[in-house]
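Please read the following account alongside the sequence and the coordinates, which are shown just below.

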Amino acid sequence: MGAAWVHNLREDGFCGACTVLLDGKAVHSCSVLAVRAAGHQVLTIEGLAQNGKLHPIQDAFIQYGAIQCGYCTPGMILAARALLDVNPHPTEQDVRWGLTGNLCRCTGYVKIVEAVLAAASGPSGSAAS
Ligand code: FES
């Protein structure tokens, strides 16, 4: 599960740094009891890359400079993944709405939104899945 690398900043679900996907849905893991996750699929940032290849959203975050301190990055990327799974061709407004549960103190969100939009329209089409 790789939970050791899931950031846990506040424990009140406020910042989204601890976002994981629980059965494909973005949740703030700090506010989910472990018993609720039992028997369910939990995806952390460590599980997103496949066979040593970064997920297109991860690539886009690097390419667009959407990472500064990086504290919010795993949660942002997983929230973006959940968004693109249900809306593979989002508008900028859709992306901003999809990331409302994740706070970033560094970037001003512009590069993050650009990265998610780029991942959604990347060479392989949608960055979903
Ligand atoms: S990059 Fe620092 S909190 Fe987002």
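The model is a predicted one, in which local features need pLDDT of at least 70 and side-chain atom pairs count only at pLDDT 80 or more, while totals for chains, interfaces and linings use all residues. Residues are numbered from 1 along each chain as its sequence is written, and side-chain values use heavy atoms, with hydrogens and water left out.

H40 sits in the loop between α1 (34–37) and β3, where helices (H or I, at least four residues) and strands (E, at least two) are DSSP runs numbered from the N terminus. Leaving aside neighbours within four places in sequence, H40 is in contact (heavy atoms within 4.5 Å) with L22 and D23. The side chains of H40 and D23 are joined by a polar contact of 2.5 Å, the term denoting a pair of N or O atoms within 3.5 Å of which, within protein, one must be able to donate a hydrogen and the other to accept it, with residues adjacent in sequence counting only if both atoms are side-chain atoms. The C-alpha atoms of H40 and G24, 16 residues apart along the chain, are separated by 9.7 Å.

D23 also belongs to the turn of a hairpin formed by β1 and β2, which has 2 residues between the strands, and D23 there has a positive phi of about 50°. Strands β1 and β2 pair in the antiparallel sense over 4 bridges, pairing being assigned if DSSP finds at least two bridges between two strands. On its other pairing, β1 (residues 19–22) is antiparallel to β3 over 2 bridges. L21 takes part in both, with A26 as its bridge partner in β2 and L43 in β3. The result is an open sheet of 3 strands in the order β2-β1-β3, with antiparallel pairing, whose edge strands, β2 (25–28) and β3 (42–43), each pair on one side only.

Helix α3 (residues 73–86) lies across β1, β2 and β3 and runs at about 35° to β1, the angle being taken from 0 to 180 degrees between N-to-C directions of axes, which are lines fitted to C-alpha atoms, for helices over the stretch in contact.

Elsewhere, the axes of helix α2 (residues 56–63) and helix α5 (residues 110–120) come within 8 Å and cross at roughly 135°. P56, I57, A60 and F61 of α2 make the contact with I112, A115, V116 and A119 of α5.
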